[in-house]
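Thank you for making time this morning. I would like to walk through one model with you, moving from an interface to some charged pairs and then to the ligands.

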Amino acid sequence: MKRREFLKSVATVGTFTAIGLGMENILPDVLADEMIANPTPYDHEAIPVEMKIDPKTGNLTLNPDIILKNSVCLGCWSNCGNRVKVNKKTGKILRVLGNPYHPSNAEPHLPYTTSLKESYLSLGQYQELGHTQRATVCQRGNAAYQMVYDPNRILTPLKRTGQRGEGKWKPITWEQAIQETVEGGELFKEIGENGIIEGFRQIHDQNTPLNPEQPGWGPKANQLVFIGGRDDGRTEFPKRFITQCFGTPNFFGHGGICGASRRIAFLAFLDTWDKKPHMKADYMSSEFVMFFGNAPGQAGIPFQPMARKSALAQSERGMRAVIVDPVLQNGMYTSPDAEESSWVPVRPGADGALAMAMIRWAFEKKKINEVYLSIPSKEAATKKKNPSWTNATYLVIQEPNHPDFGKFLRAEQIGLKMPENNQPAANTQPNINYVAIDKATGNPENYAESDEGVLLYSGKLTIGGQEVLVKSSLQLLLEEANRFTFEQYAEACGLSKERIFKLAKEFFSHGTKAATDHHGGVSMHTNGFYSSMAVIMLNALVGNINRKGGSTKSGGGYLAVDKGKRYDLLTVPGMVKAKGFKISREGANYEDTPEFKARKAKGENPYPATLPWTPLSDALEGHVIPSMMAGYPYSAKILMLWMTNPLYATPGLFRKEVEDYIKDPKNVPLIIGVDVMMGDSSQYSDYIIPDTTFYESWGVPPVWNLILTKVTGARRPVIDPLVPKTKSGQPYSLESYLIEVGKRLNLPGVGDKAIPNAQGEATPMNSAADFFLKAMANIAFDETPVPDIEVDELKLADLEEDLKPYQSSLTLEEWKKVYYLLARGGRFEDYDKNYDGEVLHNKFAKVVNIYNETLGTIRNSMTGELLPGTATWQAPAFADGRTINQVYPDTDWPFQVISYKPRYRTGGYLSNVPVLKDMQDTNFIELNLEDATKLGIQSGDKVKLVTPSGEAEGTVKVRRGVRQGSIAVEYGYGHWGAGAKSYTVDGKVISADPKGGKGVLLNLLALRDISMKTAHPLVDLIGGSTDRNTIKARIIKL
Amino acid sequence: MDNVTYIANVEHPVQLGVMIAIYFFYTGLSAGAFVLSSLGTVFGIKKYKSIAKAGVVMAVALLAIAPLHLIGDLEQPQRFYTLFYRLNPRSAISYGTFLLTLYPLNSVIYLWFMMRRDFAQGTQTLTGFRQKLYALLTFGKTDLSEQALAKDDKWIKRLGTLGVPLALLVHGYTGFILANIQARALWHTGLMPLIFLMSAMVSGTGLLILVLLITQRFYSPEKSLTPERKALIFDIAQLMKWFIVVDGTLMVIDFIVLYYANAAGHAAAQLFLYGSHKTMFLGVEIGLGLLVPFILTFLPKTKKSLGWISLGSLLTLIGVIAMRVNFVIGGQQLPLSADTLNPYTADPKHLLMIGLFALAEITILFLAFRFLPIYGLPKTSAPSTLEFNIGNKAVVK
Amino acid sequence: MAEKKKRYAMVIDLRKCVGCNACTVSCKIENQVPEGVFRTWVKEIEKGTYPEVTRYRLPRLCNHCDNAPCLAACPVQATYRAEDGTILIDYDHCIGCKYCMAACPYDARFINPVRKTAEKCTFCYHRVQEGLLPACVTTCVGGARVFGDLNNPKSLVAKLVANNPVQVLKPEMNTEPMVFYIGADQDIMGARYTNLEKGED
Ligand SMILES: Nc1nc2c(c(=O)[nH]1)N[C@H]1C(S)=C(S)[C@@H](COP(=O)(O)OP(=O)(O)OC[C@H]3O[C@@H](n4cnc5c(=O)[nH]c(N)nc54)[C@H](O)[C@@H]3O)O[C@H]1N2
Ligand SMILES: Nc1nc2c(c(=O)[nH]1)N[C@H]1C(S)=C(S)[C@@H](COP(=O)(O)OP(=O)(O)OC[C@H]3O[C@@H](n4cnc5c(=O)[nH]c(N)nc54)[C@H](O)[C@@H]3O)O[C@H]1N2
Ligand code: SF4
Ligand code: SF4
Ligand code: SF4
Ligand code: SF4
Ligand code: SF4
Ligand SMILES: [Mo]
């Protein structure tokens, strides 16, 4: 080549041809080569290729030194699949690719029965399969593996040798860690902290009430509090251990600081409180999607499929995306010659106003889908070939101070004759006889008797001889919508009436192919629940539920940690039922608590509760520490942290007094952190237990909703864990730790008789592998079991080799199928199962709730008032009802700060990944251009951001795409642990990365609820979210 | 009004920095000096004869150091020699490599022929160190016969004639390197080589004047600035004036063209005329570097004052350094894909090298003027005749 | 007759680019690109007057120009063109003179601070040679990046170029770039001179 190239170039310059040729000929070849030769292949540094794929024939020549393993990513909570490229010789991860079988990685994803070899073709040029079967991981999914090799990674158990948080540690043996944390004692005598600390054994007490005066709160065992991050496919293990084996209700996910209010709003909308369905839009077939505070490509769960599907839908399917967001995020494509932007810069916290205004408009302009909404029952829906139905026509008792106020009217209450066959199709609906006004007869009828109900009804009916006001669900929604004028709504959400009408008009002009999608932006406010309801309700009003291009509850997953075909992972033989109340004040009505009863008994007004209760919500990580500090409902004795960083991640929590509280062993006698790094929170632990990262651990992660087909991922150790192994050969990890603790206390559910198989015989659970492989067996055998694995695939994926140590976990019959599953990284329903014609294949099979009875009949624990049972607009407010703006008026606090997810981090995590730091190692205080100009501020200027709770200095980035009057601060920076602070182990300094702590963490400035007696973040009283986006602020140029 | 804000991009620092600028400065000086020296020997302008040697010595000495800057700027200096055989016929620099070798070679031989006679005579008339040195430098060619000397002169003529285009090329090509880089608006103009040449002449004369002043005063056999020497210096200063005029004119044209060229060109012009570079450009390069020297060489009073003239000459040097820096670095600061100037921070390592090379340069010049018969042999017997004779020889042809 | 010589090219369909930078990160990992330098990156601008603001993205990399100034500039032929058109750098012969960087109109090149030679995107030559796709293409979340042989009319790139209005960067430079864009906004494709002074120090 070079020769020709040389001659060619030579030729171009006549005069030098001679010399050129001359040299070519005269000189010996070596020299001639040295003169113009260029080596091929030329690149030394690039990592070795995994294989060669013949572009003509598609023949594969594998690189024997490299192996690809399908597993599941946890670079963020999205749990996409991945295909990990491992160097066999070094056993190290070289790179991470996407898993083409997994719907989160590819659009479309490969048919499940595609052979592994064929799946490799998605890497190559052969027949363009590299494009048509492209399987990707995102920026974080590409990089996250580097955290495994963090030089500061914690690999041995640590015990503090200084005060909590002082950063002095010593390594201890695994056995010592177990011994001391289980048995307790004078654990810190040697550093002068006398006083006996209770370990698991002492706390594990199901009989002694933790509060003798009010035994109702529960036993001492409840004072073990476990905070564990995410639904990462591993969570089920500690959850089972903590709640069923140990028996404390206090196991927490991070929902409350994540997006809880949205989830809870969906539970109300779908009236399904046990499982946790929620809906997303089916972008790929939709014509118009409004993304409320959930920009695809910016963040979102699941991040990748959201980004990809919306991109494809917009570029290839003519879907139009509108981003309702104070910040102009990525995720929508606007053609350079489009005349208007699809960005709707809503005022933070006012999505409810926008959505309710659109609802009011739809009512006034008669744009709601009446055909759909007037269908009262499944049967009627089936007749009308509609994939869904609602309770819009059901009558609700609205007679003031009627004992049943807020309840649905029951047919029997007005003496309607019961239909004989009122056994509704397989428990799709509770056996209740709701009443609707039948369109045909105009009379109240048992909903099951009517094919079409009257949508808007308000009138009196006689119940037990008394005239009682009843209204239809939709009537209640209409009245909520009409509570405010368009002017008021416009004022509230900071958009012009015209813009709102325009949006409403477009939304209601695509039939059932328009939908809303939303997440943190809407839900992380005190009004998050009702705003979410409003945004969700728009879908019911266009009638897009279960429809192609509408709202989907998603495919869901296969039975895994469940009562499956092979193993029953729900029942723990001899399990203990946790008693009492959760420390987070969730999942129970205040009216049922000992406090309420006591105060009632004393005859005093039981309201407001000492601290608010959140009956409908769960996983309120953000409430836990405030409860502990208030000692209400009670305090904790052992706090366990795993995969979580509550002090960093909870808005409005961490301040000096919180740090002081955590630091003092008198408050929380024992803190155990299970962590891979010295996290911002885990650094306050007494003991740190090392853990396996997600490339080294097991899991059966579901995918967050969006995927139309069924998905259950299978995560396995793709490398030999860097952590040492216990005497029994298990890697140091959360699971190994809990199992050994359990055995020591001989708790049920661990050891040789732990997991019942299908025949009901108890089988062993001595390792994480035991547990998760059994879950995988359930997945493999669910519905029609997956095929057995072929020999060559076994080799290709190195499965036998990798899984030798775990052979005893399953039967041979099970292995064959579990191997098949592991080879593909999970179990995935085929892409062609997306739709049945114009409706979704996987449907939500129950009534859709315009009005939710449960919601409409519970009371606000602070005011004692009943809650609205349907969507409504409420301004962000404190628990005592004062709005944020009343307390912090714009005149003093002209700006409202919001935060959004970091592009190169995931929450607080991945801050120790070098390549991501290289992409961006700090965040900015992002200001609108006009606002900045008014203040005389330019990009790069240093400013002080002042909020009612604190202040921080940061660097300004001036943007056009930030709402006027708003400030945006990217989350994920401003660490004070997690590599930002050095500490010592045995006197040896583990030094911090100077860049580690750069940037501003908004959570330190987020609002607290000043109306509460004790330190407490501002929270949504219904959805339980901690508010992170209503932060009032002013800005000072430095 | 601008309606675009950048929110993400990657920074692209300036690559060719001060080392290259200074390298251009050296080659410029060298070329300038050589051309002046050739006025006597090649173009037969009698009065310039006496400075011919000085000019060539300078040209050689400067070009001995110049390439060090190039090599020093390489990321892989130890691979510089590959430039000689890994040729790329499409790369100006490839040619440069050879120009940079041929030109000083030619100049050295050229210089030798000019001095052979002195060496020869020196070997006889002188004693001690010089005698030995000169004996060595004759390389055995001690023939002082008429025809031998005539032969010398022929060679002097020949080599000089070859040397002039070489000198022009050596420096022209540096301008050409920049000119044919289309990517950089400031560089991409046909005028670039000319501009470089003219500023080369300006600085070349500037330095020559200074060198003559010092060396003739201290290292010439007479150790004094004889009236005719003074006169000559003033003449050269007048030459310099004209070079300045041409250089200035070229600049003006160049910037008019730039200003009305494409967006990039316009931006470049803006940057230099109003923007952050105006001080360095208008102030130092044009003001101090061209305007003031022009005035000094123009005003009747100053143009006949050694003091003012030497000040003017010094300023031209400063101005031309500024010019090299402005064009080389400024040219790359204009963004290709960004919305802000590409950052440039001089590498301390480079600054150090530049200092050391400068020292080396001065030492070489000192040694050369101290020990070589640049102004003829030290006074032993009838120096003036000697001088005179050379004069004669040259005229008689 | 013998089939046509390969001519690799990339098409970036900006309607699909979500700005995630998975490409950037995967490139750094695949090619072990040192800290602080990038073979590819995603430029982003915001355009318009509030609230009519839109955001545009532009993934950038070496254009592997058909008429490559860098190739002409390199005095030692360390920069060379492979048969398939890819412009490569021979790290063993690069002297680090940086003229190619001055010559490249696209800021595509940089000095590798570790290896001390010029470096840039290689179209993942080492992967493409083996019939694989470049790292950035394989991991493109939005599916915006498409790579292939422009001389093969059946290839996806060829089809995209044929069936869409495509743009290249700085066509006036006549470099004939082999990276084509679909749906790019003019204001992001070049430099911007309106607030230059901001950056200088
Ligand atoms: N890159 C990246 N992706 C992630 C994560 C990450 O850390 N980084 N984390 C994952 C996790 S855990 C989750 S829960 C999801 C969360 O996914 P999202 O909820 O979509 O992400 P957020 O950034 O929390 O909030 C979304 C948007 O809400 C906007 N916003 C703020 N206040 C308001 C408001 O009052 N109204 C409206 N309409 N918008 C508002 C913000 O500007 C932001 O763009 O993302 C997941 N994906
Ligand atoms: N201001 C603001 N606050 C926010 C958000 C926001 O957008 N803005 N987002 C919120 C959301 S959506 C969420 S989900 C939360 C996220 O907040 P958290 O749920 O607390 O998650 P991270 O902050 O990522 O912290 C996870 C911790 O787990 C540890 N860890 C990482 N990998 C492993 C492992 O393999 N094993 C073990 N044992 N530990 C590990 C790390 O130390 C890390 O600190 O933050 C919330 N807080
Ligand atoms: S979206 Fe989250 S889970 Fe999916 S690849 Fe990216 S980091 Fe991994
Ligand atoms: S990976 Fe693809 S979608 Fe993501 S930024 Fe790069 S080009 Fe755009
Ligand atoms: S983009 Fe620049 S580096 Fe790449 S080929 Fe073109 S000129 Fe050369
Ligand atoms: S830096 Fe290397 S590649 Fe670039 S021109 Fe110089 S030698 Fe060639
Ligand atoms: S083709 Fe390869 S080298 Fe070029 S940008 Fe993509 S990943 Fe980087
Ligand atoms: Mo989250």
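Between chain A and chain C the count is 9 salt bridges, a salt bridge being a side-chain nitrogen of Lys or Arg within 4 Å of a carboxyl oxygen of Asp or Glu. Please keep in mind that this is a predicted model, in which local features need pLDDT of at least 70 and side-chain atom pairs count only at pLDDT 80 or more, while totals for chains, interfaces and linings use all residues. Residues are numbered from 1 along each chain as its sequence is written, chains are lettered from A and ligands numbered from 1 in the order in which they are written, and side-chain values use heavy atoms, with hydrogens and water left out.

The elements that give two or more residues to the side of chain A that touches chain C include helix H1 (2-12), strand S1 (51-53), strand S5 (92-97) and helix H12 (303-316) of chain A, where helices (H or I, at least four residues) and strands (E, at least two) are DSSP runs numbered from the N terminus. The element that gives the most to that side is H12(A), with 8 residues. By class, the side of chain A that touches chain C has 35 nonpolar, 23 polar and 23 charged residues; here Ala, Val, Leu, Ile, Met, Phe, Trp, Tyr, Cys and Pro count as nonpolar, Asp, Glu, Lys and Arg as charged, and the others, Gly among them, as polar.

How many residues are in contact on each side? In chain A there are 81, and they touch 75 residues of chain C, contact meaning heavy atoms within 4.5 Å. The buried area between the two chains is about 6,600 Å², and carbon and sulfur atoms give 52% of it; that area is the accessible area (1.4 Å probe) that two parts lose on being put together, summed over both. Between chain A and chain C there are also 39 residue pairs in polar contact, both residues being at pLDDT 80 or more. A polar contact is a pair of N or O atoms within 3.5 Å, and within protein one must be able to donate a hydrogen and the other to accept it, with residues adjacent in sequence counting only if both atoms are side-chain atoms.

Let me turn to the charged pairs. Side chains of opposite charge can pair when their charged atoms come close. Over all chains the count comes to 86 salt bridges. In one of them, Lys52(A) meets Glu130(C), with the closest N and O atoms 3.7 Å apart. That pair crosses between chains, from strand S1 of chain A to the loop between helix H4 (125-128) and helix H5 (135-138) of chain C. Lys52(A) is partly exposed, at 36% relative accessible area, and Glu130(C) is partly exposed too, at 24%; buried means under 20%, exposed over 50%, and partly exposed in between (1.4 Å probe, protein chains only). A network of salt bridges also links Glu50(A), Lys85(A), Arg95(A), Glu30(C) and Arg127(C).

Within chain B, Lys47(B) and Asp235(B) form a salt bridge at 2.8 Å, N to O. This pair links distant parts of the chain, 188 residues apart, with Lys47(B) in the loop between helix H1 (18-41) and helix H2 (49-73) and Asp235(B) in helix H7 (residues 227-259). Lys47(B) is partly exposed, with a relative accessible area of 45%.

Now the ligands. Around ligand 1 there are 35 residues, the closest being Asp325(A), Gly349(A), Asp351(A), Gly520(A) and Lys901(A), where a residue is near a molecule if one of its heavy atoms lies within 4 Å of it. A nitrogen atom of ligand 1 is 2.6 Å from an N or O atom in the side chain of Asp351(A), and an oxygen atom of ligand 1 lies 2.8 Å from a backbone N or O atom of Gly907(A).

Which residues of chain C are closest to ligand 5? They are Cys62(C), Asn63(C), Cys65(C), Cys70(C) and Cys104(C), out of 14 residues that surround ligand 5. That shell divides into 10 nonpolar, 2 polar and 2 charged residues. The residues around ligand 6 include Cys74(C), Cys94(C), Cys97(C) and Cys100(C), and the shell has 8 nonpolar, 2 polar and 2 charged residues.
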